[in-house]
Amino acid sequence: QDEKDKLTWNDRMPGYAASFGLILFMIMLTFSAVFGVIIYRITTAAALSFSTNETTRSNVRVTVTATAVIINLVMILILDEIYGAVAKWLTEIEVPKTEKTFEERLILKAFLLKFVNSYAPIFYVAFFKGRFVGRPGHYVYVFDGYRMEECAPGGCLMELCIQLSIIMLGKQLIQNNLFEIGIPKLKKLFRKLKDERTDPKEMDINQPKDPQQWDLDYCLEPFTGLTPEYMEMIIQFGFVTLFVASFPLAPLFALLNNIIEVRLDAKKFVTELRRPDTVRAKDIGIWYNILSGIGKLSVIINAFVIAVTSDFIPRLMYQYVYSQNGTMHGFINHTLSYFNVSHLKAGTQPENSPFAQDVLICRFKDYREPPWSQNQYEFSKQYWAVLSARLAFVILFQNLVMFLSVLVDWMIPDIPKDISEQIKKEKSVLVDFFLKEEHEKLKLIESFITHDKHKHRRGIKDQRIRAASFSQFSWSQKGSIASFSSQHTEV
C-alpha cells in the first residue's frame, strides 16, 4: 500500500540483466561442451588411425562415434540438473509479481536451457558436421594439424540416427526413470538417518513407539509441482518430432517409455511423495504455446534433414536430370570430383600409400570443377542445381505440411459434432429454464405491484372518507356555535 515499498523498473533491472547474461553464458557453455566433444572426436580418430592393430584402425569411426555419444549423454544429464537450479534462482531474483508469472518465467528459462542442451549435439551432426571440411589441397585445420571431421562416405544420416537413439533412450532411461525413483528414495533415506541421529533427550516421551501414518507421510519427499513432468514430455516430444525423418522408431520407443513411466509415476506419487495440494487450472498454460512452437519447428527441421542431410534430393536430380537411362547407375561417379595430387601443399601429402604406383588423380565427394577446367575446384553447375532443388524442396514441403495441418484441423473439429449439439441442447434447456424462472418472478413482482396499488388506492379512499367526515363534523360544529352565538345575542 505504501508507494515506497513498490519495486520500480530500476529495482528490477539488475535481476533482468543478470538473467540475460547468465542465460547467454549457459548457452555458450553448452556450445563449448559440444565443441569439446568435437575436439575429442578429431584427436581420438587421429590417434586410433596410427594404431598398429588392424582391427582398431578399421573400427575407428564406430569407436569414436559411440564414445562421443556417451560423453554427450553424460554431459547432457549433468548440465540438465545444473540448468534447472540456475533457472529457478534467476526467476527468484527477478521477483515476479504473481505466482503464475513466476511459473511462466521459470518454465521459459528452463525450457530454453534444456532445449539447447539436449539438441545441440544432434543439430551439429545433422547440419554442421562435414560442411566446413574444405577440399583436398585446401582443408580446414583445427589446432594446427587436425582436420575437421567429415561424414561417412554414405553421409551423416546414419550417424544422426545413432546419436539421436542413444541420447533419447539414455536420457529417458536414466533421467526420466531411474532418477525419478532413485532420488526421492535417497532423500528419504538421508532424512531418516538424520532423524535417527537426533538426541534422544529431545524426543517426546509421550510419543508412541509405533509412528502414526501422518508421521510416515511427513518423512516423504515434498511435492515440487508438475513442471518437471511436463518438461520430460516436452523434451521427449522434441526428440520424437524434430528428427523423426532420421530415426523413425523414435515414436515407438517413446510409447514404450511412457507405458513404463506411467507405472513408475504412480508408484512415486503414492509411496515416495507427499500428497500434493490441489490447484484448479483452466488449461496447461504456457506449455501449449511451447508444444505448438515445437510442432511448427519440427516441420522445418525435418524438411532440412531430408533435403540437406540425406541424399534424397541428389538422387532424384541424378535420376530425372543427369541419368542417361533414368536409373541410378553411375550416381556415385556423378557425385565425385577430380583432384590433381600435385596440387597438394608441401607436408600434407599422404604417407605410406597402399598403392603400388604413384597416383596422379584422386576423387573426393563434392560437386566441383575438375583441375583441367579454367575455374578449377570451384563449385560446378551441378552443385548450384542441387542446392536450388534442396531449397525448393524445403519450401514446398513446409507449405504442403502446413496446409495439410490446417486442413485436418478444419475437417476434424476439436469438439465432436454430437457433443457440440448436446451442449447446444443443454444451453437451450438452461436458457428456457431461466426464462421461465424470470417470467414467474416477473408475474410475482407484478402481483406485488398490483396489490400495492390496490392498497394505496384503498388508503387514499379511506383518507378521503375520513377527510370528508372530519369536514362535515367541523361544519356541524361551526353551525352549532353560530346558532349558540345568535341565541346568546338575542338573549
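K171 is buried because its relative accessible area of 5% is under the 20% limit. The side chain of K171 meets that of D80 in a salt bridge, with N and O 2.4 Å apart. This pair links distant parts of the chain, for D80 belongs to helix α3 (residues 60-94) and K171 to helix α5, 91 residues apart. The model described here is predicted.

**Salt bridges**

- Side chains of opposite charge can pair when their charged atoms come close.
- The structure holds 12 salt bridges, including the one between D80 and K171.
- D80 also counts as buried, because its relative accessible area is 2% and the limit is 20%.
- R41 forms a salt bridge with E159, and the closest N and O atoms of this pair are 2.1 Å apart.
- R41 and E159 are both buried.
- A network of salt bridges links R41, K129, E149 and E159.
- R147 and E150 meet through their side chains in a salt bridge of 2.3 Å, N to O.
- R147 counts as partly exposed, because its relative accessibility is 31% and this class lies between 20% and 50%.
- E150 is likewise partly exposed, with a relative accessibility of 37%.

**A buried residue in a loop**

- Is F243 buried or exposed? F243 is buried, with a relative accessible area of 0%.
- F243 is located in the loop between α7 (227-242) and α8 (250-272).
- Leaving aside residues up to four places away in sequence, F243 touches I122, F123, A126, F127, L160, L164, G238, I301, N302 and V305.
- The C-alpha atoms of F243 and V305 are separated by 7.5 Å, although the two residues are 62 residues apart along the chain.

**Packing of two helices**

- Two packed helices are described by the angle between their axes and the distance between the axes.
- For helix α9 (residues 286-309) and helix α12 (residues 381-411), the angle is about 150° and the axes are 9 Å apart.
- The crossing of α9 past α12 is right-handed.
- On the α9 side, the contact involves K296, V299, I300, A303, F304, I306, A307 and V308. These residues meet R390, F393, V394, F397, Q398, V401 and M402 in α12.
- The residues of this contact comprise 12 nonpolar, one polar and two charged.

**Annotated regions**

- An unreviewed UniProt entry carries the annotation "transmembrane region" for residues 20-42, 62-86, 106-127, 237-260, 286-308 and 391-412.
- In the model, residues 20-42 are 100% helix and 0% strand, with their end C-alpha atoms 33 Å apart.
- Residues 106-127 are 100% helix and 0% strand, and the end C-alpha atoms of this span lie 30 Å apart.

**The chain as a whole**

- How many helices and strands are there in the protein chain? The protein chain has 13 helices and six strands.
- The protein chain has 491 residues, of which 29% count as buried.
- Among contacts in the protein chain with a separation of 6 or more, 76% are between residues 24 or more positions apart.

Technical notes: Residues numbered from 1 in each chain as written. Predicted model: local features only at pLDDT ≥ 70, side-chain atom pairs only at ≥ 80, totals over all residues. Heavy atoms only, no water. UniProt positions renumbered as here; feature names shortened; annotations may be inferred. Helix = DSSP H or I, 4+ residues; strand = E, 2+ residues; numbered from the N terminus. Axes fitted to C-alpha atoms, helices over the stretch in contact; angles between N-to-C directions. Left-handed = near helix turned anticlockwise from the far one by under 90°. Contact = heavy atoms within 4.5 Å. Nonpolar A, V, L, I, M, F, W, Y, C, P; charged D, E, K, R; others polar. Salt bridge = Lys/Arg side-chain N within 4 Å of Asp/Glu carboxyl O. Buried < 20%, exposed > 50% of the residue type's maximum accessible area, 1.4 Å probe, protein only.
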